[in-house]
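Student: I am new to this structure. Please walk me through it in short questions and answers.

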Amino acid sequence: MAEVSLRERRQRLIERSDLGGVAFCQAYAAGADQWLAALADRAVDGNPRTLALLAVGGYGRQELCPFSDLDVVLVHHGHRDVRKVADAIWYPVWDEGVHLDHSVRRPAEVLAAAEGDLRVALGLLDARLVWGDPKVAEPLLDEAVELWRSKLGAKWLPDLAKQMRERHQTQGELAFLLEPDLKEAHGGLRDAGVLRALATYAPRLGDYVNFDSVGLAVEVLTAIRVELHRRAGRSLDKLVLQEQDQIAAVLSYRDADDLMAAVARAGRTVAWAADDAWRRQASWEPARERRGLRRSRPSAPTGVVEVEPGVVTVGNEVALADGADIAHDSSLALRLAAVAAERDAPIAKSALRRLADRMPPGPDPWPLETREALVRVLLVGQPAVAALESLDQEDLLSRLLPEWAPVRSRPQRNAYHRFTVDRHLLEAAVQAAALTDRVDRPDLLVVGALLHDIGKGYPGDHTEVGVELVERIAPRLGFPPKDAAILVAMVRHHLLLPDMATRRDLDDPVTIEKVAESVGDGRTLALLGALAEADGLATGSSAWGPWKAGLVAELVSRTSAFLEGRPLPRVPGWVNEDQQRLREEVRDGGRASVVLDPPRVTVAALDRPGLLASVAGVLAVHGLDVRSADARIDDGVAVEVFTVEVPRGSWPDSAKVREDLEAVLGDRLELGAKLEARAAAYAGERRMRSAWTAEPHVVVDNDASVSSTVLELRAADQVGLLHRVTQALFDLGLDVVSARVSTIGHEVVDAFYVQGGSGGKVTDQSQLDVVEAAVRAAAA
């Protein structure tokens, strides 16, 4: 009977729908063991003396996903035909199409390789005998572990820490990425392997790392990784968007959001354990004297020092005093976190366990001391994230604030947000802490930032739900009615300023009046201005930049003046003396003019239908994203001013941009062909965006401007969108007097100020229906 090949063994396991996760990996490893052992037996006629085949790394741990590599070492004691034996094993593996990482070495050479290569040293820690002479393998395996504990662990520790930092910077955070790498990202399977290596070197690490929790997280990630390989039919560790729904169904998650929430929880568990281990290195690292190395830094003090009631420092950690009143002092956990954040020190694991075992739910209402402790820790800034994350790992924040539970590890599956909801709220609060000099109530600013998206953990519109929640939460935290009303207003209007600044004409009095009516007073306006920046910075680079910051600041300035009864300052840049000069030159000479002054592009030309659309198209061809566009027509001359950004790379060749602008103004440019070529170059990006983006949506607002109808379009961001939409509007006989473009991840929200042929608003409903349909078609 013919032997079953390795590929067939693997395929049979892949086809078993009842076999997944760790069980699959172990079954595949066992099958590979049997197959390799049979190869090796044939190569030596059943006599394995002086030879041993070791599985190392993931194969050694029996963590073989469907398309994982086989990492093996053939160890020998001077076997004369060792190369022949090796070839008899390696070539069949290659013939099976399985990737093989292999070496042939004597025991001393194996240990020497471990001393010179961190990867080899780590792989050996998980090594096991697959086939051969135990007398060759067992002493080597024991020596490898002892060498790591006595010498190599200390030697490689700095390199291991450096590699982790660099990998995290490159791969990002597993818990927060839309398409995370399950193996290499921060909090992934590679980090769990590092923790195992550290524990082998320093057994005391087990006192500080909950390896049971890490093990459960690894099981979750391994199950997902197995299914990812299974569906892809190849080695794939990046959990790509198009596979998430199917993997969620196979693994019995409710949906892809539920799957990604599990990924986030697992990633945060591993990441927190790894980060916390490094923070506590002085506590678990073996004494330097035992390693025969000179002490390079003084040891941490070990005395207990009381900092405030119930909170002490012990060495480099913050802990609870023996007599801390956990059952009755509701401020204790938050004060513990505040002291840790203020010292940028870890919270002792013993303190976290005591709180988890004995801390009751938060009172209603909170005492003043508890609310002050919350504000205190948030105002520390960035170190507060680690401190509050420590509490959250033991589910202590939800005990104080039950509404926190639904946002824990909740993914935000769009390209706009870089964090889960709970982490985004913490990041927004600490970003707000740096902006307290702009407001007269820092406490309301940081608490409002912490709660502004709390509604995202519940069904329905997150702002409306958030308002209802904060109407209950604010009084429970002990805020008086007036302060509670401000917190509610911050949640209700947390998107008001960035939305109005980027989608409305700031020179239109209606814009300022509507914002002033919504915010009501200068205090709330200032708080919302700071919250907008903190929220944007916590969201990601696509959510906050100089362009948006400038617009929001201008809107706050103008609204503040309106509320105080002062004259409104004019928006700079329109219309200035240079633009007036361009207009006169075109009127006198008839020739179009182009001025490139990054980030502004100004075009003056004799007015004609579709002029704005043509200019927008040229800018798109050159990779420039239009953020705003304004057009003014006077005496037959149009002056159009575009504010642009470069989403990738650097500013394009100005001479070429000018050449193409002048060509399109002179009807000498095949703009359609150039736009098609540009779009084709980014077709893959567009396909990815379509997975996140709903159908185009158009809203008509005839109350947002004194003189124009405002059309607001939400659609997938794509090359030439502004050109196509404005051309569609021109084809319907409408004038676009200005446009605002706001990018939200893979979507845009474009606002077009349009006027009919008579120069006023478009009010006929049948005409508006036609306009809506045309805009949707242009954006599809």
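Predicted model: local features only at pLDDT ≥ 70, side-chain atom pairs only at ≥ 80, totals over all residues.

Student: What is the mean pLDDT of the protein?

Tutor: Look at the whole protein. Of its residues, 94% reach 70 or more, and the mean pLDDT is 90.

Student: What span does helix α28 reach from its first C-alpha to its last?

Tutor: Helices are DSSP runs of H or I with at least four residues, strands are E runs of at least two, and both are numbered from the N terminus. Helix α28 covers residues 654-665, which is 12 residues. The expected span is 1.5 Å times one less than the number of residues. The helix comes close to that expected value, reaching 16 Å.

Student: Which residue caps the N-terminal end of α28?

Tutor: Look for a side-chain oxygen close to a backbone nitrogen. The nitrogen belongs to A655, and the oxygen lies 3.0 Å from it. The capping residue is D653.

Student: Which residues of α28 are buried?

Tutor: Buried means under 20% relative accessible area, exposed over 50%, and partly exposed in between (1.4 Å probe, protein chains only). Just after the helix, D667 takes a positive phi of about 60°. Within α28, the buried residues are V657, D660, L661, A663, V664 and L665.

Student: How many aromatic pairs does the structure hold, and what is the angle between the planes of Y91 and W94?

Tutor: Rings of Phe, Tyr and Trp (its six-membered ring) pair if their centres lie within 6.5 Å; planes under 30 degrees apart count as stacked, over 60 as edge-to-face and the rest as tilted. The structure holds four aromatic pairs. One of them is Y91 with W94, edge-to-face at 5.0 Å centre to centre, with the planes at 85°.

Student: Why are Y91 and W94 separated by about one helical turn?

Tutor: Both sit in helix α4 (residues 82-95). Y91 is partly exposed at 46% relative accessible area, and W94 is partly exposed at 37%. They are about one turn apart because their spacing in the helix is three residues.

Student: How many residues apart in sequence are the parts tied together by F176 and F419?

Tutor: The ring centres of F176 and F419 are 5.0 Å apart and their planes are at 85°, so this pair is edge-to-face. F176 lies in the loop between α7 (134-171) and α8 (189-201), and F419 in the loop between α17 (396-400) and α18 (421-433), so the pair ties together parts whose separation in sequence is 243 residues.

Student: Are F176 and F419 buried or exposed?

Tutor: Check the relative accessible area. F176 has 8%. F419 has 9%. F176 counts as buried, and F419 also counts as buried.

Student: Which residue lies over the face of W547?

Tutor: A charge sits over a ring if NZ of Lys or CZ of Arg is within 6 Å of the ring centre and within 35 degrees of the ring normal. R128 lies over the face of Y59, at 5.2 Å from the ring centre. Over W547, at 5.8 Å from the ring centre, lies R627.

Student: Which residue does a cis peptide bond join to D364?

Tutor: Omega of this bond is about 5°.

Definitions and conventions
Residues numbered from 1 in each chain as written. Heavy atoms only, no water. Polar contact = N/O pair within 3.5 Å; in protein donor to acceptor, adjacent residues only side chain to side chain. pLDDT = per-residue confidence, 0-100.
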